[in-house]
Structures are given as C-alpha cells and as structure tokens.
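User: Hi! I'm new to reading protein structures. Could you walk me through some features of this one?

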Amino acid sequence: MGGLDDLYQQLILDHYRNRRGRGRIEGASASVHEHNPVCGDECYLDILVEDGRIAEIRADGDGCSISQAAASMLTEVAAGKDLDEALMLVEHFRLVMHGEAQPDEDLLGDAVALEGVAKYPVRVKCALLSWLALRECIADYRETVATGG
Amino acid sequence: MGNSAQHTLHARALRAEFPILVSPRAGGGAVHYLDSAATSQKPQRVLDAMDAYYRETNANVHRGVYEMAAEATERLEAGRDAVARLVNHPREATVFTKNATEAINLVAWAWGARELREGDEVLVTMMEHHSNTVPWQIVASMTGAQVRFCPVTPGGEIDMDAMRSMIGGRTRMVAVVHVSNTLGTINPVEDIVAMAHEAGALTMVDATQSVPHMPVNAAAIGSDFLAFTGHKMCGPTGIGVLAASPARLGAMEPFLGGGEMISDVTTEGATWNDIPWKFEAGTPPIAEAVGLGEAVRFLEEIGMENIRAHEKEVAVRMLEALDEVPGLTVYGPRDAERRGASMSFSLDGVHPHDIGQFLDSKGVCVRAGHHCTKPLMRHLGVQSTARASAYLYTTDDDIIALRDALIACREWFGAA
C-alpha cells in the first residue's frame with residue numbers, strides 16, 4: 001500500500017485523531033463558513049486579529065481525515081502570522097496542492113505532510129477547504145475594517 | 001453467488017463477457033467493482049454493436065434515401081423496439097433522451113412549465129435523486145407552484161400514511177423513485193400511482209435503478225411518465241429513455257426545438273412531427289441506441305427475473321458481510337425482498353471519503369458522498385455515506401473483498 005502511505009502519512013492521521021485548534025472563537029474578528037459540494041464537508045473558520053496579526057485561529061466542522069488534518073495543521077502554522085504572511089502561506093499551500101510548487105517545510109510546518117494529496121485530484125479540495133476559508137476570512141476582515149464596519 | 005440453485009444466472013461466468021472485469025488495470029490486481037448504481041460495466045457485445053454501427057453503416061438517420069442511411073435508421077429504431085419491449089411500453093411513446101435526468105426535465109419543461117399554476121403542488125419524496133427534485137424546483141420557482149417532500153420512515157421506506165395525506169386537490173404531479181439509489185428501497189410505485197391518479201394528479205416514476213435490475217412493466221405501473229438511463233443497464237452513456245403515456249405525449253408541446261422534431265416550418269412558425277420524434281430534436285444518439293438495444297438483448301437472454309433473484313441473494317450476503325464489520329451502520333431496509341443490492345453505510349470514526357480511498361487501495365470500488373440525494377442525507381442526519389452497489393456480475397469474492405477491506409480500513413484509521 002505504498003500509495004496509501006504517501007497519502008495518509010502518520011502526521012496526517014495524528015492530526016486527524018487529535019485535532020489542534022478545533023472550535024469557534026467568541027467575538028471573532030472574522031468568520032467564514034465553507035463547504036465542499038462534492039462530499040458535503042463543512043468548515044467554520046474564525047480568526048481573532050490583534051495588531052494586524054492572527055492572535056487566534058480556530059476551525060470547526062466535520063469532514064474526512066484530509067480536510068480535518070489540514071484544518072488542524074493550518075491553525076498551528078497560521079497562528080501569530082501577520083495577515084500578509086498568512087495570505088502568502090495560503091497561496092504557497094494552494095500551489096503545492098496543485099503541483100505547481102515544491103513544499104517549503106519552514107513555511108508549512110506539519111502541513112508539509114499533505115504534499116502527497118496533490119497526487120489525488122479528488123482530495124485536493126478536501127485539503128484546501130479550511131486554507132481557502134482563511135483567505136476568505138482575511139478578505140472579509142479587511143473589507144469590514146475598510147468600510148469601518 | 002455460491003447457492004445459485006434457484007436461478008440460472010452465473011455471475012462468475014458472465015464476468016468473462018465484461019472486458020473491464022477480466023483484464024486487470026495497469027499496475028493493479030483484480031477489480032471489485034461495486035459502483036454499478038453509478039454506472040454499470042459494458043459487455044463486449046455492446047461495444048461490438050456500437051463499433052459495427054460506426055464501421056458498417058454510419059450515416060445520419062431518417063431523411064437519407066441511400067441504403068446506408070436507411071439501415072442506420074433501422075438500427076436506431078430497432079434499439080427503440082428493444083427498449084419498449086423490455087418495459088412493456090408502446091414504441092411510439094418511448095422517447096430517447098440524453099439520460100434519465102433529461103427525460104425528467106423534458107416533462108418538467110414541456111408539461112410543468114406550461115401547466116403548473118400558483119398554488120399547485122408537485123409531490124416528491126425525501127429519497128429522490130436530485131434529478132427528480134431539482135427540475136421540479138426550477139419549474140415551481142417559475143410558476144409559483146410548490147414542491148413538497150413526502151418523508152421517509154426510520155427504516156428507509158416512503159411514509160405511505162404521509163403520502164396519502166399529502167396527495168390532495170392541489171397535487172398536480174407525484175414524482176417518485178422506483179428503487180432508491182442511496183437506500184436501495186423498492187417503493188410501491190403501483191400504489192402511489194393509483195393514489196395520485198385518484199386525486200387527479202399525474203405521475204413520474206424514476207425507474208433508473210429498477211429497469212436495469214428487475215422486471216419492470218410500465219403498463220402495470222401505469223404512470224404517466226417513467227424515466228431510465230442506458231448506461232446503468234449495460235448500455236452506453238449518452239442515452240436515456242422517457243416512456244410516456246401516448247395521449248399525454250401527443251398533447252404536450254415540444255421540449256427542445258430543431259431538426260427532426262418538426263412536420264413543417266415556415267417563416268411564421270412550425271408544426272410538429274409525430275411522437276416520439278416530436279421530442280427528439282436534432283441528430284439522436286444513434287450508436288448509443290444501437291448499443292442500448294444490444295444491452296437489452298443481453299439482459300433479456302439472462303432474464304430480468306434471474307437478475308433480480310441473483311441480486312436478492314447478493315443483498316442478503318452483503319448485509320451479512322457488512323454486519324461482520326464492527327461499527328458499521330447500513331441504511332435502508334434489512335429485508336432483501338424490499339430492497340435492491342445498492343447499500344449505503346457509515347463506519348464509526350471513518351469518513352466516507354476515507355473509506356472510498358482506502359478501499360480503492362484494495363481494489364474495491366465504492367462511491368462516497370451524498371449520492372445526489374442531499375435532502376435524504378439531511379433526513380438521515382449524515383453529511384455523506386459510502387455506498388456499495390452490485391449488479392449481475394457481482395460475486396461472493398467481491399463481497400468478501402468489501403468486508404475485509406472495511407475491517408482493515410477501520411484499523412488503519414484507528415477507529416477500532
């Protein structure tokens with residue numbers, strides 16, 4: 001089962017079984033609800049922004065091991081980043097998932113283990129669900145700030 | 001199956017007729033194909049019939065005066081004869097469409113969009129495929145009609161008491177699935193059609209999951225419309241069937257306009273061809289009709305009764321096998337008399353996508369997701385399920401492979 005080992009690295013199964021950063025943030029600066037129409041998986045992502053940085057990030061919802069592990073890894077690696085750094089991180093991960101960039105371990109942290117997902121096009125959406133939710137979240141936050149809302 | 005004494009279907013021998021089941025895929029071993037509710041595999045003779053059509057007599061149909069065109073027309077219409085015979089329906093009211101979805105859309109647009117009024121109701125069930133829900137929702141939103149959903153019991157059957165109370169004076173159409181693609185439930189469509197007709201409503205039966213798997217007698221069901229698709233019954237993709245009441249079909253305005261469906265066209269307007277061609281605008285799926293006709297002959301030679309008997313045994317064995325997997329829940333009826341061999345299930349602590357991926361690594365092909373039945377998924381309180389679905393070529397080996405892979409899957413994801 002070489003292929004399966006590539007996809008489901010131990011780190012992924014570990015994040016799946018022991019989710020980090022799970023839950024919601026009361027009084028979040030921005031919140032996004034995304035879902036994957038293919039499987040109905042749902043992701044709620046909340047961020048708390050302080051001094052232009054992600055002071056806290058939490059993901060909630062249900063889904064497959066890939067989507068849940070990706071969300072767990074995201075909350076670890078995105079916490080403390082300033083918003084532009086976070087967007088760069090998301091973009092790098094997106095390119096890696098589409099096979100258009102080599103993964104940068106320093107940037108991605110544990111999420112580097114998701115590299116193998118790129119070989120399974122059906123599962124790329126699972127991995128990207130929460131990460132793209134963060135991009136939405138940051139855009140929403142900036143719009144709210146810009147419109148003084 | 002092991003104890004096939006009651007009928008004459010030998011799945012193991014039949015497999016030899018399906019190239020994809022006997023020639024291992026590149027780098028892979030045996031394929032345990034358990035996704036026939038999504039699409040069936042194709043026997044060599046269906047592929048050959050389509051190939052022969054293209055090689056020997058490819059020409060456009062109906063208006064050619066030369067011999068090849070006449071022969072192409074004959075082969076197309078022979079496909080229609082075969083399909084009409086299979087479901088005991090008049091050939092002139094047997095319309096070829098792109099798929100079952102288009103057959104239902106044809107009725108939704110040609111009848112529903114013109115006839116539905118504000119306050120009218122279309123009654124569907126909670127276990128409909130989106131193809132028998134969304135077309136009605138679209139025409140309802142245009143006409144002010146309302147789409148109502150008849151609930152499903154915890155055992156996965158249509159709540160007939162609710163059905164009885166929901167059919168009323170406002171009901172114009174009752175659209176119901178014969179066999180659920182997700183739950184496998186066989187619904188009492190004859191009773192539902194009778195109830196609907198008594199109330200003056202029309203009826204649409206989605207027979208997509210029944211026609212391939214059991215004898216279906218359109219005349220006995222008596223619905224105004226019955227839809228099914230070629231690719232789930234050993235035929236090709238790209239062709240579906242609407243078996244309609246000849247009188248209804250004759251009275252309906254066309255769905256799609258274009259070539260072939262007209263009688264005359266002037267600068268002022270057009271008049272329509274006879275049925276069924278009035279509903280077949282443009283060049284029809286000719287090779288597909290030829291392939292579907294051959295698929296019907298293949299099924300008839302095996303015998304629809306035998307296919308049903310085999311699948312009943314498969315359903316019993318599959319239920320037994322799935323019961324051996326710890327933490328597994330099967331949805332839908334437990335009684336094989338009341339179900340087909342399409343089975344949805346969930347496994348505690350393992351997401352259906354992960355089940356599908358893991359099983360694939362063991363050569364077992366199952367589907368994971370909402371199976372185009374999202375209202376039903378919400379009704380069951382799940383986001384998605386995994387589904388194993390059998391056909392005439394499914395053997396005990398497939399079921400054992402499924403069970404063993406599920407047990408291994410549970411261990412792999414640490415859900416044990």
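This is a predicted model: local features need pLDDT of at least 70, side-chain atom pairs count only at pLDDT 80 or more; totals for chains, interfaces and linings use all residues.

User: How do the two strands, S2(B) and S8(B), pair, and over how many bridges?

Analyst: To read a pairing, look at the sense of the strands and count the bridges. Here S2(B), and S8(B) with residues 240–244, pair in the antiparallel sense over four bridges.

User: And are the faces of strand S2 of chain B covered or open?

Analyst: Check the residues on each side of the strand. S2(B) spans residues 94–97, and both of its faces are covered. B:Thr94 and B:Phe96 are buried on one side, while B:Val95 and B:Thr97 are buried on the other.

User: Why does A:Asn36 count as buried?

Analyst: You count neighbours. A residue is buried if 20 or more other C-beta atoms lie within 10 Å of its own. A:Asn36 counts as buried because it has 20 C-beta neighbours inside 10 Å. You'll find A:Asn36 in strand S1 of chain A, residues 30–36.

User: Which residues does A:Asn36 contact, leaving aside neighbours within four places in sequence?

Analyst: A:Asp41, A:Lys125, A:Cys126 and A:Leu129. Take A:Lys125: it sits 89 residues from A:Asn36 in sequence, yet the two are 7.3 Å apart in space, C-alpha to C-alpha.

User: How many residues does the largest nonpolar core have?

Analyst: That core has 173 residues, and A:Ala70, A:Leu74, A:Leu134 and B:Ala227 have the most contacts inside it. Helix H6 of chain A, residues 121–146, gives the most to this core: ten residues. As for A:Leu134, not counting residues up to four places away in sequence, it touches A:Leu45, A:Leu74, A:Ala78, A:Ala86 and A:Val90.

User: Last one: how many residues of chain A are in contact with chain B?

Analyst: For an interface, count the residues on each side, then see where they come from. Here 15 residues of chain A are in contact with 14 residues of chain B. On chain A's side, H1(A) supplies the largest share, three residues. That side divides into eight nonpolar, four polar and three charged residues.

Conventions: Residues are numbered from 1 along each chain as its sequence is written. Chains are lettered from A and ligands numbered from 1 in the order in which they are written. Two residues are in contact if their C-beta atoms, placed from the backbone, lie within 7 Å. Ala, Val, Leu, Ile, Met, Phe, Trp, Tyr, Cys and Pro count as nonpolar, Asp, Glu, Lys and Arg as charged, and the others, Gly among them, as polar. A residue is buried if 20 or more other C-beta atoms lie within 10 Å of its own, exposed if 12 or fewer, and partly exposed in between; C-beta atoms are placed from the backbone. Two strands pair if DSSP finds at least two bridges between them. A nonpolar core is a set of buried Ala, Val, Leu, Ile, Met, Phe, Trp, Tyr and Cys residues joined through C-beta atoms within 7 Å.
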